[in-house]
Amino acid sequence: MLNRELFHPYLRVTRRLATYIHHLCKVMTVTDVAQHLQLDWKTVKEIDKQYLEVQYGQPNYDGLRILAVDEISLRKGHKYLRFPEKVA
């Protein structure tokens, strides 16, 4: 019999793989992680999103008037870093 705690109830990956994906997303792009593990990028994004929601909760937009996003290119092509900032 399988240990059900190894599996996330709504994902088709083990908790260990989900944790590995989340750790890779800290140092790699979602697309790069997906290619490395041969998974769909949407699956990787959803797994990382769930971990981030557990760590940081839902964002509070109360009183937010302007949200600025700065973006820099890492290299030619479509590799970017994005920096969202709350502006007073």
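Modeller: His-22 touches Asp-48, Tyr-51, Leu-52 and Gln-55, leaving aside residues up to four places away in sequence. Please keep in mind that this is a predicted model.

Biologist: Why does His-22 count as buried?

Modeller: Buried means under 20% relative accessible area. His-22 has 4% relative accessibility, and therefore counts as buried. Its place is in helix α1, residues 15-25.

Biologist: Where does Asp-48 lie, and which residues does Asp-48 touch?

Modeller: Asp-48 lies in helix α3, which spans residues 41-56. Apart from residues up to four places away in sequence, Asp-48 touches His-22 and Cys-25.

Biologist: How do you know that Asp-48 has no salt bridge?

Modeller: A salt bridge needs a side-chain nitrogen of Lys or Arg within 4 Å of a carboxyl oxygen of Asp or Glu. The nearest side chain of opposite charge, Lys-26, is 7.8 Å from Asp-48, so there is no salt bridge, although Asp-48 is buried.

Biologist: What is the order of the elements from the N terminus on, and what percentage of the residues count as buried?

Modeller: The elements run α-α-α-β-β, that is, 3 helices and 2 strands. Of the 88 residues of the protein, 14% count as buried.

Definitions and conventions:
Residues are numbered from 1 along each chain as its sequence is written. This is a predicted model: local features need pLDDT of at least 70, side-chain atom pairs count only at pLDDT 80 or more; totals for chains, interfaces and linings use all residues. Side-chain values use heavy atoms; hydrogens and water are left out. Helices (H or I, at least four residues) and strands (E, at least two) are DSSP runs, numbered from the N terminus. Buried means under 20% relative accessible area, exposed over 50%, partly exposed in between (1.4 Å probe, protein chains only). Lys and Arg count as positive and Asp and Glu as negative; His and the chain ends are not counted. Contact means heavy atoms within 4.5 Å.
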